[in-house]
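Here is a short tour of some side-chain contacts. Have a look at the picture, then read on.

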Amino acid sequence: MSKRARLFIDYETHFDDDYTLKKMPTAQYLRDERFELLGAAMAAPGCIEPGWYTPGNGLGRALASLPWPNVEIIAHNVTFDAAVLATHAPQFRPAYHTCTMLRTRYAISQGLLPADRGTSLAELGNKGNTADAVAAGGEKLKSYALQDLRDLMTLYVESEGWQVPRMELDLMDLHARMACYPVLSLRRELLEEVAA
């Protein structure tokens, strides 16, 4: 099997006081009529230059240039970013999901990092205020998103040294898959028996 292409991604989306992930589940947020994809800070070494891509300026082309399905998506809250991808660009389905937030939580739980270390990019990086950046849009949002991308990539490199067991990484991937690509499995014979 060929080596996976790594896609570092951080989607930025519209939100306000009422329309926020703090007040609704991710699936409801993504399917709400108020949903607006503002853009994504992305990098895929060897494939996509680090940059800010918007729906009207290269986002679709950049994603289409990757060798799907042989792509590993890497995000700080991969369940959210992969869910945006699954909902709004379902033709691009990753082979693997890596979450730096879950890696950080694992490392804290195992005593590899201090118990008081935060797990959000705001606590781990040089992040500014999300609401201010989204409200301002334009260059301020681009600058904010690119800083998130740099912080994500730095944290990923750091997390590679924590020696998280493969089984744990696979469970993190499974968690994202179950959230983004839910499958209902039914025992047809039993249902027919109950119905009769």
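## Helix 9

Glutamate 192 and arginine 188 sit four residues apart in helix 9 (residues 188–195), about one turn of the helix; helices are DSSP runs of H or I, at least four residues, numbered from the N terminus, and strands are runs of E, at least two. The two side chains form a salt bridge, with the closest N and O atoms 2.9 Å apart; the term asks for a side-chain nitrogen of Lys or Arg within 4 Å of a carboxyl oxygen of Asp or Glu. Arginine 188 is exposed at 59% relative accessible area, while glutamate 192 is partly exposed at 45% (buried is under 20%, exposed over 50%, partly exposed in between, with a 1.4 Å probe and protein chains only).

This is a predicted model: local features need pLDDT of at least 70, side-chain atom pairs count only at pLDDT 80 or more, and totals for chains, interfaces and linings use all residues. Residues are numbered from 1 along each chain as its sequence is written, and side-chain values use heavy atoms, leaving out hydrogens and water.

## Helix 8

The structure holds eight salt bridges. One of them joins arginine 177 to aspartate 173 (2.9 Å, N to O), and both lie in helix 8, four residues apart. Aspartate 173 is buried at 7%, whereas arginine 177 is partly exposed at 23%.

## A ring and a charge

The charged end of arginine 93 sits over the ring of tyrosine 181, 3.8 Å from its centre. That wording needs NZ of Lys or CZ of Arg within 6 Å of the ring centre and within 35 degrees of the ring normal.
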